[in-house]
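Subject: Handover of a structure and notes on its contents

Dear colleague,

Please find the structure below, followed by a summary of what was found in it. I would be grateful if you read the two side by side.

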There are 4 protein chains.
Amino acid sequence: MSRTAVVAGVGPGLGASIARKFAREGCDVALLARTEPYVEALATELEATAGSGVPIPADVTDPGEVEAAFERVHDELGPVDVLVNHASGGSWKGLLELDVDEFESAMAVGPRGGFLCARAAVPDMLEGDGGTVIFTGATSAVRGRGGALGFSAAKFAVRGMAESMARELGPDGVHVAHVVIDGQIRPPDADVDDPDAYLDPDAIAESYWHLVEQDRSSWTLELDLRPHVESF
Amino acid sequence: MSRTAVVAGVGPGLGASIARKFAREGCDVALLARTEPYVEALATELEATAGSGVPIPADVTDPGEVEAAFERVHDELGPVDVLVNHASGGSWKGLLELDVDEFESAMAVGPRGGFLCARAAVPDMLEGDGGTVIFTGATSAVRGRGGALGFSAAKFAVRGMAESMARELGPDGVHVAHVVIDGQIRPPDADVDDPDAYLDPDAIAESYWHLVEQDRSSWTLELDLRPHVESF
Amino acid sequence: MSRTAVVAGVGPGLGASIARKFAREGCDVALLARTEPYVEALATELEATAGSGVPIPADVTDPGEVEAAFERVHDELGPVDVLVNHASGGSWKGLLELDVDEFESAMAVGPRGGFLCARAAVPDMLEGDGGTVIFTGATSAVRGRGGALGFSAAKFAVRGMAESMARELGPDGVHVAHVVIDGQIRPPDADVDDPDAYLDPDAIAESYWHLVEQDRSSWTLELDLRPHVESF
Amino acid sequence: MSRTAVVAGVGPGLGASIARKFAREGCDVALLARTEPYVEALATELEATAGSGVPIPADVTDPGEVEAAFERVHDELGPVDVLVNHASGGSWKGLLELDVDEFESAMAVGPRGGFLCARAAVPDMLEGDGGTVIFTGATSAVRGRGGALGFSAAKFAVRGMAESMARELGPDGVHVAHVVIDGQIRPPDADVDDPDAYLDPDAIAESYWHLVEQDRSSWTLELDLRPHVESF
């Protein structure tokens with residue numbers, strides 16, 4: 001079965017690895033991000049896969065842009081089967097340094113962006129045979145980090161939203177999952193001193209795909225991922 | 001020692017019980033809420049206590065109003081020792097019913113309001129002998145509720161913010177705590193069929209005061225409170 | 001009201017601080033531990049309080065000794081109102097160093113000892129006006145520690161037992177609580193370089209007493225305690 | 001690569017599904033359980049797979065039997081690469097009904113059995129290229145169940161042990177994971193009214209295998225599994 005997948009907040013690194021994995025598995029992947037040249041280059045790269053990539057430049061924090069983006073997805077690829085809410089943001093500042101705009105910005109990218117994309121994609125899943133919504137989380141989604149107030153608040157909010165959606169939508173066939181990335185992801189094209197200290201984004205993407213493939217009798221709400229050498 | 005306390009989002013019910021308890025213990029309590037007649041009436045009631053109450057009408061979601069409110073607190077009561085972030089909101093709707101404005105509103109009251117009040121109050125504590133910041137949480141802060149997406153996201157966000165602040169500010173003498181209220185609070189002046197099924201707001205206020213009184217060698221980040229008959 | 005309290009696994013440090021606090025509040029405190037001279041000396045010390053202390057030498061891991069000990073408590077002090085399961089043990093070794101006897105020993109002290117004492121004390125509470133059972137936990141009760149396998153397994157087991165008992169017994173008026181001590185407790189009579197780095201056992205005892213005093217409309221299942229400077 | 005896997009506590013249901021999946025993937029699977037006829041029949045069934053099954057009758061709670069069983073595994077299949085600690089037990093009784101033997105029995109099957117098998121298997125993994133240890137958990141491993149005291153204590157203990165082992169052994173290449181099965185597993189050969197209400201054991205086994213296949217840069221410590229219609 002060919003699936004239509006949306007990776008919202010795709011960028012070099014984990015977002016691209018997810019898009020590549022899903023396209024290799026035959027998905028047509030809508031690549032949502034603000035940076036038009038990047039999503040166009042990635043779409044070109046995905047032509048070599050069993051699936052395809054379609055660049056959809058859009059700001060996930062803007063209700064109008066998200067609506068327009070999902071209209072394009074519908075027109076070009078049909079109803080959405082899989083949504084990965086991958087956008088994340090927020091400067092790492094504590095209470096005393098963070099200003100209101102920075103706080104608002106952190107809350108807009110992850111929580112509001114995730115909400116807007118889910119609201120646009122889930123009706124397709126409910127009308128069809130169900131679907132999958134995956135949220136990318138972080139350690140700061142389960143343990144608030146000192147000195148990263150906006151980031152922690154936003155990551156917690158996304159996790160709470162994912163749990164709420166999982167309980168609302170599971171019985172109707174929509175699998176909502178939250179992945180806790182606990183550690184540093186290996187930067188693309190970078191020489192790193194100790195490769196073992198990083199999560200390999202291609203390896204993470206395998207677990208995302210496993211979540212998509214899970215039978216509805218045995219769905220996972222949350223899993224954590226970390227390098228084998230990580231202290232935690 | 002007489003303390004200056006701010007109860008942000010005070011209203012009939014738990015907020016009023018906290019204000020009464022703190023005033024009975026000798027605190028001068030700034031009563032922050034949008035409803036001017038309510039906070040004025042509560043302030044009058046608190047004249048009979050060892051402490052006092054000062055009505056400060058303000059919308060905690062508005063940066064300018066919060067700033068002005070804390071200036072009034074400083075002018076009338078001096079530096080803040082204790083802040084209770086009690087404001088909470090958010091309609092209980094799921095993904096398919098919630099609109100963007102309702103989502104934004106939920107995120108404004110708890111997370112942004114809590115952030116704004118903490119930013120205004122904590123510098124006083126750091127300049128003085130430390131202080132206490134308590135966030136009122138709910139079951140939906142630790143377990144996202146299906147059909148209450150905005151509420152769950154907001155309550156999780158507040159918890160993440162509290163954890164982040166606790167780690168940032170604890171070493172400098174500011175005790176940040178998060179209270180998980182797990183159950184229904186007995187409504188004021190209401191006849192209820194089964195009083196045992198509700199949390200008594202005066203009893204909850206005793207635990208808030210215990211958090212204020214804890215020695216800095218043994219601080220609690222989080223405690224839960226529920227009626228003894230509650231299923232959980 | 002004068003209460004009968006049992007502190008099981010009392011010793012110098014936190015156990016003694018709990019016994020002292022409870023006796024100061026008027027409790028008659030049964031002091032259960034293996035070391036007879038210690039509990040006798042502590043009992044003598046408690047003569048100066050509003051309550052009293054009764055030495056009950058016993059090994060909490062031995063079903064027969066626990067039964068006999070609680071018979072003595074009944075005979076000398078009457079029905080039990082409060083039980084503190086404070087005994088804890090287990091060498092800090094990982095999988096590769098720990099032998100079966102050490103594993104069994106860890107599981108005997110905390111989990112089996114706690115079970116035996118609760119089984120002996122709770123019927124009194126159910127026949128009377130309810131009561132309180134507090135388990136002393138540790139960080140390793142919520143986060144398994146590498147290199148402390150038996151200790152982690154035992155601390156988790158105690159927490160699971162406490163949660164199960166809380167749900168079983170709460171509706172019948174028995175308050176079961178679990179306290180997570182996160183950090184080092186200041187050793188008695190020791191000069192320490194940095195007193196701020198330790199939990200003060202007398203301060204911890206205040207929170208134990210708060211749990212005993214909580215109104216049944218607003219009970220806490222779990223709270224954590226740590227020094228304000230602790231990294232966590 | 002052909003792997004040697006041990007499923008400890010295998011029986012009809014999930015244990016058998018795990019053994020079948022692993023054998024289909026080419027593993028030689030040692031089938032540890034007390035019931036000799038059962039493991040022999042299952043081994044015969046696995047002859048049709050790419051791997052194989054070897055019946056190893058043994059009581060996992062008995063240190064001597066576990067030692068002998070793993071000697072047989074070594075002799076017949078070579079060093080162990082994968083261990084699934086699947087044995088579980090414990091009557092569902094509360095504090096007031098559970099006797100000491102029942103409590104001890106619950107603690108023997110899951111915690112002690114898991115400890116004994118891990119101690120026997122992990123040295124092989126450390127001498128080789130690493131390996132995987134998976135513990136089967138349940139809802140009662142993360143939320144103590146009222147009326148199931150021994151079961152809750154045992155399931156918590158196993159989870160604490162798994163976390164401790166994960167932190168101890170991860171850096172040396174041994175992946176330790178804990179799976180929370182949240183719901184009823186479909187009974188083998190049973191007609192059930194509502195198949196959707198159960199976890200399919202074959203579907204669960206897919207997630208166990210995913211854990212075995214995860215790259216060491218991105219290991220999962222814990223995942224939950226439940227039917228899509230489950231209330232949780």
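Which residue just after α1(A) takes a positive phi? That residue is A:Gly26, with a phi of about 100°. Helices and strands here are DSSP runs, numbered from the N terminus (helices are H or I with at least four residues, strands E with at least two).

Some conventions apply throughout. This is a predicted model, in which local features need pLDDT of at least 70 and side-chain atom pairs count only at pLDDT 80 or more, while totals for chains, interfaces and linings use all residues. Residues are numbered from 1 along each chain as its sequence is written, chains are lettered from A and ligands numbered from 1 in the order in which they are written, and side-chain values use heavy atoms, with hydrogens and water left out.

Helix α1 of chain A

Helix α1 of chain A spans residues 14-24 and is mostly covered, with 9 of its 11 residues buried. Buried means under 20% relative accessible area, exposed means over 50%, and partly exposed lies in between (1.4 Å probe, protein chains only). Among the buried residues of α1(A) are A:Leu14, A:Ile18, A:Lys21 and A:Phe22.

Salt bridges

A salt bridge is counted when a side-chain nitrogen of Lys or Arg lies within 4 Å of a carboxyl oxygen of Asp or Glu. Over all chains the count comes to 48. One of these joins A:Glu213 to A:Arg3, at 3.4 Å from N to O. The two partners are 210 residues apart: A:Glu213 belongs to helix α6 (residues 201-213) of chain A, and A:Arg3 to the segment before β1 (4-8). A:Glu213 is partly exposed at a relative accessible area of 45%, whereas A:Arg3 is buried at 16%.

A further salt bridge pairs A:Asp182 with A:Arg226, at 2.7 Å from N to O. A:Asp182 lies in the loop between β6 (174-181) and α6 of chain A and A:Arg226 in the segment after β7 (222-225), so the pair ties together parts that are 44 residues apart in sequence. Both partners count as buried, A:Asp182 at 8% relative accessibility and A:Arg226 at 9%.

In chain C, the side chains of C:Arg3 and C:Glu213 also meet in a salt bridge, at 3.4 Å from N to O.

The interface of chain B and chain C

How many residues of chain B are in contact with chain C? There are 30, and they touch 30 residues of chain C, contact meaning heavy atoms within 4.5 Å. The two chains bury about 2,400 Å² between them, 52% of it on carbon and sulfur atoms; buried area is the accessible area (1.4 Å probe) that two parts lose on being put together, summed over both. On the side of chain B that touches chain C, the elements that give two or more residues are α5 (149-169), α6 (201-213) and β7 (222-225). Of these, α6(B) gives the most, with 5 residues.

Chain B can be laid on chain C with an RMSD of 0.0 Å by a turn of 180° and a shift of 0.0 Å along the axis, the superposition being by least squares on the C-alpha atoms of residues with pLDDT of at least 70 in both. The two copies are thus related as by a two-fold rotation axis. In chain B, the C-alpha nearest that axis belongs to B:Leu223, 2.3 Å away. The same surface serves both copies, as 100% of the contact residues of chain B recur in chain C.

With kind regards
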